[in-house]
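This report looks at the overall architecture of one protein chain and at the confidence attached to its coordinates. Please view the sequence and the structure together before reading on.

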Amino acid sequence: MTNLFDIKGKVALITGSTHGLGMAMAKGLGQAGATIVVNGNSSQEKIDNAVAELKSEGINAVGYKFNVTEEKEVSAAVAKIESEVGSIDILINNAGIIKRIPLLEMEVADFREVVDIDLVSPFIVSKHVAKGMIERRQGKIINICSMMSELGRNTVSAYAAAKGGLKMLTKNMATEWAKYNVQINGIGPGYFATEQTKPIRVDGHPFNDFIISRTPAAKWGDPSDLAGAAIFLSSKASDFVNGHILYVDGGILATIGKPSNEE
């Protein structure tokens, strides 16, 4: 049974993996034996620091700086990774941004930037990585979706539009590439305890209280909670799973009623 989840020696490219949930998944896959290819675009220093952090935990890791929205950069980077590290067995499209702006106040340029990074870039990176996977008749692609792939929320229209589109792009990738033994699925994280959410994860903060009360599990997710989902979708255990979005959300999407933890 353990062989089903074995990813030792696999090469995993994770975009936007210098921090946060991307780093959490990098650690999970790396601790399971995969070679991690860290990606970022803001600075080489952040990439180097992320690689050093992974290596300090005994994980085999390398880093490549490239802009996931620029096709020429992506094409060159994928070729370089496959030449220097090895064939990419696992791709996790994690890079993304959010801009919390009411619709009537949002500039078109801001809307387009969010869609470009959160939706267009997974298309670009997957297109170039999938070519090798299709030739080898083997590969795993995981698109990081969101609960906003299913629900709207005030001030996140561009993000919701992009993540909703990413859900359908995932399904269409599966429709076109499943016949080549490539599995394309998504993970939809709920609300997680990261450095970015630390300032609001305090008792009495309205949003903290909202998340605790609306999550049937009555807590924020720990970033390590994503590791199991990522390993499952990266391994042979998911060889007949395709076009599925696995929501790791503590049960938020399971209910529109009053969770049992609310009195």
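The term pLDDT denotes the predictor's confidence in each residue, on a scale from 0 to 100. The model shown here is predicted, and the mean pLDDT of the protein chain is 95, with 97% of its residues reaching 70 or more. Where pLDDT is low, the predicted coordinates should not be read in detail.

| Confidence | Element | Residues | Mean pLDDT |
|---|---|---|---|
| Lowest | helix α6 | 206–214 | 90 |
| Highest | strand β4 | 90–93 | 99 |

The protein chain contains 7 helices and 7 strands, and along the sequence these elements are arranged in the pattern β-α-β-α-β-α-β-α-β-α-β-α-α-β.

As for overall dimensions, the radius of gyration of the protein chain is 18 Å, which agrees with the value near 18 Å that a compact globule of 263 residues would have. Taken along the principal axes, the box filled by the C-alpha atoms of the protein chain is roughly 55 × 45 × 40 Å. Of the 263 residues, 47% count as buried, and, among contacts in the protein chain with a separation of 6 or more, 73% are between residues 24 or more positions apart.

Methods
Residues numbered from 1 in each chain as written. Predicted model: local features only at pLDDT ≥ 70, side-chain atom pairs only at ≥ 80, totals over all residues. Heavy atoms only, no water. Helix = DSSP H or I, 4+ residues; strand = E, 2+ residues; numbered from the N terminus. Rg over C-alpha atoms; globule rule 2.2 N^0.38 Å. Buried < 20%, exposed > 50% of the residue type's maximum accessible area, 1.4 Å probe, protein only. Contact = heavy atoms within 4.5 Å.
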